[in-house]
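Thank you all for coming. I would like to walk through one structure with you, slowly enough that anyone new to it can follow. Please look at the view first, and then we will begin with a term.

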Amino acid sequence: MNNWKVKYLERIVTPEQAVMHIKSGDRVVIGHACGEPPSLIEALVSRAADLISVEIVHMVAMGPAKYAQLGMEKSFRHNAFFVGASTRKAFEEMRADFTPCFFSEIPRLFKNKILPVDVVLIQLTQPDEQGYCSFGISVDYTQAATESAKLVIAQVNSYMPRTGGAKIHLDEIDFIVEKDEPLIELNPPKIGEIEKAIGENVAKLVQDGATLQLGIGAIPDAVLLFLKEKKDLGIHSEMFSDGVVALAEAGVITNRKKTLNPGKFIATFLMGTRKLYDFVDNNPTVELHPVDYVNDPYVIGQHEKMISINSALQVDLMGQVNAEMIGSRQFSAVGGQVDYVRGTSRSLNGKSIIALPSTAAGGKISRIACELDQGAAVTTSRYDVHYIVTEYGAANLRGKNLRQRAEALISIAHPGFRVSLINEAQEKGIL
Ligand code: COA
């Protein structure tokens, strides 16, 4: 038997045995998004009665996040880089913390011991013939946290697709839990008429041969619907989902014209259905690399015709973008938005696009606002912003003065709010 196979067998434990090594006060980093290891989290949460003040560090939690549920606060304190559906209530009730950080910078928090990691809980593929496991659908900060952690506990799951790029040798893992279970999936969002109109307006800005970054959700997926006639698109994106698979199968995404990594889909994590996970499994054209490479603005900016497509909650008339707060309430976070906005601005013939519906709350609120709501943070600054797109058109703000920006943004606001926006802007001396 190979030496690594002996070591592999020696390190196998049950989930319950693995989490017994976690102590009160430890900082535990969990593998990201759909890559989180469900059986290890479940076992950790079952130890709530024995533990005090374990800090759980995570970004987008796609599982039930039981450690953030009411009653868990003495045992676990959740510290997030992104507020998502399963953790939002814990923040609102002040049972969890939020740490603002660009996605590209998170690995440095761990590697430079700004947030020293005691334990990492990750999910991996089975080892290959040389004893290397693939991080599968989550490399992002997961690899840096693993390399920095004092204790590495891994769930090895045969459902995890083997992706190209980052790998880990069994020698780096302290405890292995073998548990085969379907990965967490993200179902394709419902795309309505407004999203379709936005998608069509965004697609008009995408040139043949462009390299794309797409965010999560209905708007990026709606954009993909209108790219079917384009040629030789490429993907360099923090993540991608099922919509990209359809365009690859249709021959629209070839990655042929990419300046860096030609012929390859480059991402740092993946979220989608089994269809996506099967597409990337052992696919030599798909590589996942750490987020401090994939989202590095200097790397992004080297791609000619780099197009980033992200969304927002509110944009003011100067072009300041709030993509993360509803008033003073933290709704999500920056994610990779600013990494891509900044990277794309360096790209020859690149465009960064923030696409959003013109209204919220069933049409009662204009998302194009004279000023951001009190308490809201600026995610993308007015100095970085480029294109804003709604269902009413596209406003290119680069090089425009404040008066021209206000005019351009009002022209893509919902018609029912344009007069009040003009009046308010005149009262405030903007127009
Ligand atoms: N005022 C009040 N409520 C608002 C609002 C506003 N200006 N804008 C949106 N809302 C409400 C919506 O009505 C909706 O409420 P509902 O759930 O009751 O219908 C809710 O807030 C969410 O808005 P929605 O536009 O549906 O959000 P989304 O799920 O499409 O996500 C972002 C949009 C901006 C939050 C999300 O894209 C994000 O977090 N972006 C930042 C991170 C990023 O860009 N990462 C890079 C790529 S992964």
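When I call a residue buried, I mean that its relative accessible area is under 20%, while exposed means over 50% and partly exposed is in between, with a 1.4 Å probe and the protein chains only as cover. What we have here is a predicted model, in which local features need pLDDT of at least 70 and side-chain atom pairs count only at pLDDT 80 or more, whereas totals for chains, interfaces and linings use all residues. Residues are numbered from 1 along each chain as its sequence is written, and side-chain values use heavy atoms, with hydrogens and water left out.

Let me start with L44, which belongs to helix α3, helices being DSSP runs of H or I with at least four residues and strands being E runs of at least two, both numbered from the N terminus. Is L44 buried or exposed? L44 counts as buried, because its relative accessibility is 2%. Between the C-alpha atoms of L44 and G164, which are 120 residues apart along the chain, the separation is 30 Å.

For G215 and G335, also 120 residues apart along the chain, the C-alpha separation is 9.3 Å. G215 sits in the loop between β11 (211–214) and α8 (218–225), and G215 is buried, since its relative accessible area is 17%.

Now to the ligand, around which there are 21 residues, the closest being E238, L313, S332, Q337 and R367; a residue counts as near when one of its heavy atoms lies within 4 Å. By class, this shell holds twelve nonpolar, seven polar and two charged residues, where Ala, Val, Leu, Ile, Met, Phe, Trp, Tyr, Cys and Pro count as nonpolar, Asp, Glu, Lys and Arg as charged, and the others, Gly among them, as polar.

Which distances separate polar side-chain atoms from oxygen atoms of the ligand? For S332 the distance is 2.6 Å, for R367 it is 2.8 Å, and for Q337 it is 3.0 Å. Taken alone, the ligand exposes 980 Å², and the protein buries 68% of that, with areas from the Shrake-Rupley method and a 1.4 Å probe.

A33, in the loop between β1 (27–30) and α3 (38–46), has a positive phi of about 50°, and A33 is buried, at a relative accessible area of 0%. N282, in the loop between α10 (274–280) and β16 (286–288), has a positive phi near 55°, but N282 is exposed, at 55% relative accessible area.

Finally, let me turn to two residues with higher numbers. T379 is placed in the loop between β25 (368–369) and β26 (387–390) and counts as buried, because its relative accessibility is 10%; its side chain reaches the backbone nitrogen of A323 at 2.9 Å. Such a polar contact is a pair of N or O atoms within 3.5 Å, and within protein one must be able to donate a hydrogen and the other to accept it, while residues adjacent in sequence count only if both atoms are side-chain atoms.

N396 lies in strand β27 (residues 393–396) and counts as partly exposed, at 26% relative accessibility. N396 and A408 are twelve residues apart in sequence, and their C-alpha atoms are 7.7 Å apart in space.
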